[in-house]
Amino acid sequence: MSSSSRSFAPKPVRRRRWPWLLLAALLAPLAYAVALIWLPVPATPLILWRWVNGVGVSSEHWFWQRNWVPLARLPTVIPQAVIASEDNRFCLHGGVDWLAVQQVYEEWQDGEGLRGASTVSMQVARNVFLWPNQDPLRKGLEVPFTYLIEYLWGKRRIMEVYLNIAEWGPGVYGIDAAARYHFNKPARKLSRAEVFRLISILPSPLRWNPKAPSRWARGRVASLGMRIVQLGPLTQCVK
């Protein structure tokens with residue numbers, strides 16, 4: 001073959017891979033969210049990050065402590081206490097409580113400190129799908145993931161996941177592991193007072209102890225029962 005004929009030979013077509021990689025990156029979280037409609041969450045980024053950094057790791061417990069328990073096998077007072085403590089409008093909002101967001105913004109405009117407005121659904125979305133560090137990108141992704149699980153899972157499943165992945169101590173995740181770690185009994189045998197004590201430490205589970213609650217935590221414990229009664233039908237979605 002002459003050099004002139006070789007110069008006109010067609011060049012091989014290079015296929016661009018990035019569209020397929022982008023499609024896979026978008027579909028993988030969706031497929032994972034669909035699988036979690038039925039399957040227990042194997043681990044969260046926070047659980048793995050704590051484990052890698054040795055939080056809760058000891059000669060007795062080299063891995064994290066967690067026992068997955070379906071919501072139907074837990075006392076109703078447990079999810080009710082979470083709603084009363086963490087997210088009063090859990091059964092009403094669609095994942096993001098925009099009324100709470102507006103209230104926080106108005107308080108900030110009035111010169112008050114900026115407080116969080118994360119719902120239980122938002123906490124589940126970021127803990128299951130996103131990394132633990134605080135940054136604007138993670139906050140931006142939190143909202144679409146929240147609406148995704150609201151659509152796919154529903155309120156009962158979101159609450160079930162929350163109760164089974166929440167941190168309750170060094171290397172202790174989920175309400176059943178927390179009950180065994182702090183009170184030496186399964187979650188289904190917790191008294192109302194013990195439930196309230198466990199829920200009261202959720203804002204800072206690595207610092208607070210439900211068996212020796214701080215003064216602030218004791219105030220939360222004392223008010224939870226009354227707040228559950230006041231909410232009444234606003235907890236019906238988890239029954």
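**A conversation about the model**

Student: Which hand does the disulfide of Cys91 and Cys237 have, and why?
Tutor: The disulfide is left-handed, because the torsion about the S-S bond of Cys91 and Cys237 is about -75°. Please note that this is a predicted model, in which local features need pLDDT of at least 70, side-chain atom pairs count only at pLDDT 80 or more, and totals for chains, interfaces and linings use all residues. Residues are numbered from 1 along each chain as its sequence is written, and side-chain values use heavy atoms, with hydrogens and water left out.

Student: What is the S to S distance between Cys91 and Cys237?
Tutor: The distance is 1.9 Å. A disulfide is defined as a pair of cysteine sulfur atoms within 2.5 Å, and by this rule the count comes to 1 disulfide.

Student: Where do Cys91 and Cys237 sit in the chain?
Tutor: Cys91 is in the loop between α4 (77-86) and α5 (98-109), while Cys237 is in the segment after α11 (215-231). The pair links distant parts of the chain, 146 residues apart. Helices (H or I, at least four residues) and strands (E, at least two) are DSSP runs, numbered from the N terminus.

Student: How many helices and strands are in the chain?
Tutor: The chain has 11 helices and 2 strands. From the N terminus on, the order of elements is α-α-α-α-α-α-α-α-β-β-α-α-α.

Student: What share of the 239 residues is buried?
Tutor: Buried residues make up 42% of the 239 residues. Buried means under 20% relative accessible area, exposed over 50%, and partly exposed in between (1.4 Å probe, protein chains only). Cys237, for instance, counts as partly exposed because its relative accessibility is 22%.

Student: Which residues touch the most other members of the largest nonpolar core?
Tutor: Of the 51 residues in that core, they are Val124, Met159, Leu163, Trp168 and Ile175. At least two residues of this core come from each of α4, α6, α7 (136-152), α8, α9, α10 and α11. A nonpolar core is a set of buried Ala, Val, Leu, Ile, Met, Phe, Trp, Tyr and Cys residues joined through side-chain atoms within 4.5 Å.

Student: Tell me about Met159, please. Is it buried or exposed?
Tutor: Met159 counts as buried, because its relative accessibility is 0%. Met159 is found in helix α8. Not counting residues up to four places away in sequence, Met159 touches Leu71, Pro79, Val82, Ile83, Phe90 and Val238; contact means heavy atoms within 4.5 Å.

Student: How far apart in space are Met159 and Val124?
Tutor: Their C-alpha atoms are 8.5 Å apart, although Met159 and Val124 are 35 residues apart in sequence.

Student: And Ile78, what does that touch?
Tutor: Leaving aside residues up to four places away in sequence, Ile78 touches Leu163, Ile175, Ala187, Val195 and Ile199. Ile78 lies in helix α4 and counts as buried because its relative accessibility is 0%.

Student: Which residues of α9 are buried?
Tutor: They are Ile175, Asp176, Ala177, Ala178, Ala179, His182 and Phe183. Helix α9 (residues 175-183) is mostly covered, with 7 of its 9 residues buried. Those buried residues pack against α4, α8 (155-165), β1 (167-169), β2 (172-173) and α10 (192-200).

Student: What comes just after α9?
Tutor: Asn184 is there, with a positive phi of about 55°, although Asn184 is not a glycine. Most residues other than glycine have a negative phi. Asn184 lies in the loop between α9 and α10 and is exposed, because its relative accessible area is 69%.

Student: Changing topic: is Arg126 buried or exposed?
Tutor: Arg126 is buried, with a relative accessible area of 16%. Arg126 lies in helix α6 (residues 120-129). Among the residues that Arg126 touches are Arg138 and Glu142.

Student: Where is Trp38?
Tutor: Trp38 is in the loop between α2 (18-35) and α3 (45-52). Trp38 counts as exposed because its relative accessibility is 65%.
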